[in-house]
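User: I'd like to learn how to read salt bridges in a model. Could you walk me through some?

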Amino acid sequence: MTLNFKPKGSLNFFAIVFSFQFLSAQYNIQNDTLKSNLLQEVEISSGSKTKTKETIKIDVLDVKDLRNTSVTLGDAINRMSGIRIRETGGLGSSSTIFLNGFTGRSVKYFKDDIPIDYLGESFNVLTLPTTFLNRVEIYKGILPSNLGADALGGAINFVTQNNNKKHFNLSYEYGSFNTNRFTMNLFSVSNSKKYFAGIDGFYNHSDNDYRVNVKIVDPQTATLSEKNVRRFHDKFANGFVEVYGGIKDKFYADELKVGITFTKTRKDQQHGALMTNPYGQIYIKESVIAPTINYKKAFLNHKLLFTNFNTYSVINSKVIDTCGCSYDWYGNKTVVPAREGEADADGSLSDIDFKNFINRTFINYSINDFNKLTFNLVYSDQSRKGTDPYGPVYFFSGRDILSVPATYKKLVISLGWESKYLRDKLTNNLIIKSYNFETDGVDGGLSNYKEETVKNKGTHYGASESIKYAINEKSFLRAGFENAYRLPEQGELYGDGQFLLSNFNLKPEQSLNINFGYRYDSGSKSYFETSIFYRKTENLIILVPVFLPFSQYSNVNKVKGYGVEIDGGCEIIKNLNINGNLTYQDLRLFGISDPAQKFLNDARLRNTPFLFGNLSLDFNKKNVITEDDAFRSYYNYSYTLNYYLANVPKSSEPSNIFGKPKINTDLVIPTQHLHSVGIVYSFKNEKINLGFEVRNLFDEKLYDNFKVQKAGRGYYLKIRYLFY
């Protein structure tokens, strides 16, 4: 397999840049001495303020400000520019991310720089409590070499707390729709600071029984009419526990940490992708066991930092659909003797084990104050095997499709060189990546389920160049260019043994990304930032129908377009801050050659918002009643302009973006306004904290993925106690 872009000129360009940086490094080695060691650099750069000034575009969410509130992590991320977390319901529903023109698996999730595939669905942006984290890093476009992964449009990195003193943290939240959220963090360290241990855990539950508007067939007239009903089969519960311990500051290791994670999840299924046919008994279960080991050591007088992470996890996933019945939106059950299940006439009792091995090796070498080399290797070996007595079988042998093992191996290698020039005014970051994959499985993608072993492998190369120029101490310019690949995920390759067919011949997605930006930061509480990006993506992997009722992931669409972001904030008066942002993205299909589909050339991406923004007010005051208390109140507003459920020809769009679309209203996801308010009172120097929040204050109708309606007004109360 070969690259689709013209490599000769691009590689020559990067070779010239690389050579220039090498000569500069040699000059700086001879004329400069190391002023600070590498570990100090890592510690300093972990601050939120410093992170936003990196050469590569990073937005940082400081989670410490959220721990005492009822604000969810997903809601907080949604208030950042250029990003939307898309849900398919309430707490615990499946989600997808939309970031700078990319969505779904094109954007990767990490936990402390490690891809979180090994943790299953329990560790995600919608269920993760804020008390677990120190910050969330949002990478838009280019990924740094320490995040060695195959992402096209960016990544989200959950950075957990770096504990250094004993503490015990408890929090409990109760809210509308019988929502219960409990978190616990315990950390202990020896007097010598050389030995440590801890436990992190959380539990989430919600009935998600909010009211929605759905179209129901009238039994008398056989016509569709809209009714307001309550969701009746959408309960969610999950638990997460991580136990860890280790040593620090030994001659053989700066840190050696060993841990094990256990998770369990159960989720009722209320409906499919669209709110059409309701389900009353389908549910999904998942459990995870994931031991980990993490090693860190600095060498050469702290010039070289070596880290190594390993995990081998087993994820068990079950889908239960065996009632042989159907439900209406009022919760009435009808037995259907000809059916085994609800969603599938044949039913499902799938039981699948996914085994994941991940190794990540990272090396950071500081040549001098002005030059730094990084090397990152991420290897993953994934396999799937399961059973489903109700599921499809191969036509000739009669074997259960899920019982046939499938494997997928990935290796992503990154090499980066960061250099500084002109007395630190100009910073250059060059990264070269190698993407390698290998698949092995038996394809069941035809109606006769012919058994055919398919092996596929490939190697691709990508590169990125990012530059930052500091105009002065308060402002800088930033630019980036990248040619990136995204390898298929195991679910896209394997299928699910039911309606989702396997496709072991999927090609990686490829994207050309260009970014420009300017940022002004006063150093206190006022800042302004604007950026623009251009994307051109080919071999986009999307889910397409094959023959009813089956679908399959295929390389179909090509997408290109641009986006503009404006973000800023300041202190209006003492203790009162305002922040706001606005994002416009014009992303369209191109290169469609099928005569039946050519009319969709230049159409906007379906199910994708293109104009949205946020506004926040935050008031903080200490020593309100006593000398050790604090009061905080906040107001958050989120706006999303109407967008389209399906691909709509450009001719059907209004003459201006705020006009009325020229299409059926059922295909339009309406303009949305979300208002939320909250207060927090803390005393005894924030050891005891009480928070109250009202979400969707005006009970607006809100929609998300494929026009699935979200919850109305909700009330949430949170209590947090911190022991030192």
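Analyst: Let's start with Lys-140, which is buried at a relative accessible area of 2% (buried means under 20%, exposed over 50%, partly exposed in between, with a 1.4 Å probe and protein chains only). This is a predicted model, where local features need pLDDT of at least 70, side-chain atom pairs count only at pLDDT 80 or more, and totals for chains, interfaces and linings use all residues. Residues are numbered from 1 along each chain as its sequence is written, and side-chain values use heavy atoms, leaving out hydrogens and water.

User: Which residue forms a salt bridge with Lys-140 at 2.9 Å?

Analyst: The general idea is that side chains of opposite charge can pair when their charged atoms come close. The rule asks for a side-chain nitrogen of Lys or Arg within 4 Å of a carboxyl oxygen of Asp or Glu. Here the partner is Glu-565, with the closest N and O atoms 2.9 Å apart.

User: What distance separates N and O in the salt bridge of Asp-59 and Lys-140?

Analyst: In that salt bridge, N to O is 2.7 Å. Asp-59 sits in strand E1 (residues 58-62) and Lys-140 in strand E7 (residues 133-140), so the pair ties together parts 81 residues apart in sequence. Strands here are DSSP runs of at least two residues (E), numbered from the N terminus. Asp-59 is buried, at 8%.

User: How many salt bridges does the rule count?

Analyst: The count comes to 33.

Technical notes
Helices (H or I, at least four residues) and strands (E, at least two) are DSSP runs, numbered from the N terminus.
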